[in-house]
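Hi everyone, thanks for making time for this. I'd like to walk you through a structure that may be new to you, so let's bring it up on the screen.

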Amino acid sequence: MHLLTAELLNEISAQRDLELPFVGYEELPEKVLQFGTGVLLRGLPDFFIDTANRQGIFNGRIVVVKSTDKGDTQDFDQQDNLYTICIRGIELGKTIEQNTICSAISRVLTAKTEWDEILAVATQPELELIISNTTEVGLGLVLEDIHESPPSSFPAKLLACLYARYQIYGDDPENSLVIVPTELIPGNGDLLKKILLELATFNELEADFKQWLNQQVDCCNSLVDRIVPGKPNAETQAALAKKLGYTDELSLISESYALWAIEGGKRVKEKLGFAAAHPGVVIAESIELYRELKLRILNGGHTFSCGLAFLAGLKTVKEGMVQPAFGGFMEHLLLTEIAPAIPLDLEEGIAQEFALQVMDRFRNPYLEHKWISITFQYTSKMQMRNLPVLLKHYSLHREVPQAMALGFAAYLLFMKGVKKEGEQIFGQANGDFYWIQDDQAGYFYEIWHQAKPEELAFEVLKNTQLWGTDLTLLPGFAAAVGQYLEQLQTAGAKASLANFQTGMIEKMNAL
């Protein structure tokens, strides 16, 4: 069977549930520079831009920058940057099954070897928008020379692009840009702007450039909300190839729900014309409500539960949701503990309603969302997504949030490294080794080998460098985490989930 390419499009027959690229898509100008090749960007912002192009609204394509040294661009090159978005879900009882060949990407460039070409894209007059998703860790300040080829950090690469553009156009407002980072950090746009200005000062860039950067470059706070697990498994991929008539190494599965909330005013709305093509794109003066609900309930729920689910031998989110003990744990976590502790004044019932929607999305039978994928950069996610909720809970109650405590204990056990291979550290669960992809893996490897098991929870929780505060000061939390950690080590995650479910039922019956 043939691989998806631009040439093959003439041979692929249009089907009821397959959308082909429109004629002339390859002639559209490059209006977007995107840092990141991941499935979330390809399944949400790129999907929205492709949707707008099909309606003749935005009429612009995307140049993608591959920033890391891992892998290459071969899959994109051999498919002419085309890929299939397979949307699967259930809405109001109706099954959604839609396949779209996305033609929004024009080129994929590698920062290490094609940096001059990337800078050239940044100076194109048609460029209007820069998007990024470099994970939470990527939005950090690294004081470095932006004239390196290329700089190491994403903010330095971005500043180099902006400076190259400024050197050609100066402060001409017609050539200003909108930057929309999608990293799941509160105030991601504000943070990125602050880092850029600090880097500009470090690099001794002229005052006029910094004024242009500060006043005419919009760094928008944003929020993306769509579950995009990634590439289909082998069985699903084979079925898709048979149905669609081609193979696709870049295909991805996503849920039908889609939201991209962008904070901005009139100038941003004028630049981001693609917003008119889909109701899932929201541009508003404030997106705090969208951000808090998604970050705390959906992402926070994932983070509090991913280690526990993985250690219990559950492979995917949907697999966990059909297990009574885990499903009960998740329901208690989202509805009883997280929703009431959102650190924002909300109208009554809004958080609980969103939590119920999230439960339905987690149950989506069409998604293969792997728990091990959610553990990527586990520590930073726990700190950014979950600590504000934990602290808010204690400002409202003096009792231990038991699901949070169990989830935190499972996180500690997941981070237990048992072997090292070069720079990689591996844990072990259910007879198999797994790679701990976390910047703090080295710290946990050392502390698990140094601290006594009964002291480990206390030692980690009091580490203010990790959490920004001493979590042992929260009444009863360290003791509860320690007890759950001991139970997880002696009885296992499955038994701990069953015990938790029994305890919650007994507590409910006693009320």
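Let's start on the inside, keeping in mind that this is a predicted model. The largest nonpolar core is made of 95 residues. If you want the residues with the most contacts inside this core, look for I297, L334, W371, L412 and F477. Which helix gives the largest share of the core? That would be helix α17, residues 402-414, which supplies 11 residues. There is also a second, separate core, with 38 residues, and V64, V228, L250 and I262 are among them. As general background, nonpolar side chains in soluble globular proteins tend to be buried together.

Now let's zoom in on F477. Leaving aside residues up to four places away in sequence, F477 touches L390, Y394, V400, P401, M404, A405, F408, L461 and L471.

Next, a lysine. K381 sits in helix α16, which covers residues 378-396. Is K381 buried or exposed? K381 counts as buried, because its relative accessible area is 9%, and the cut-off for buried is under 20%. And what does its side chain reach? The side chain of K381 comes to 3.1 Å from the backbone oxygen of I374.

Last stop: I505, in helix α22, residues 493-510. I505 has a relative accessible area of 45%, so this isoleucine is partly exposed. To place I505 in the fold, take K294 as a reference: the two are 211 residues apart in sequence, and their C-alpha atoms are 28 Å apart in space.

That's my tour, and I'm happy to go back to any view you'd like.

Technical notes:
Residues are numbered from 1 along each chain as its sequence is written. This is a predicted model: local features need pLDDT of at least 70, side-chain atom pairs count only at pLDDT 80 or more; totals for chains, interfaces and linings use all residues. Side-chain values use heavy atoms; hydrogens and water are left out. Helices (H or I, at least four residues) and strands (E, at least two) are DSSP runs, numbered from the N terminus. Buried means under 20% relative accessible area, exposed over 50%, partly exposed in between (1.4 Å probe, protein chains only). A polar contact is a pair of N or O atoms within 3.5 Å; within protein, one must be able to donate a hydrogen and the other to accept it, and residues adjacent in sequence count only if both atoms are side-chain atoms. A nonpolar core is a set of buried Ala, Val, Leu, Ile, Met, Phe, Trp, Tyr and Cys residues joined through side-chain atoms within 4.5 Å. Contact means heavy atoms within 4.5 Å.
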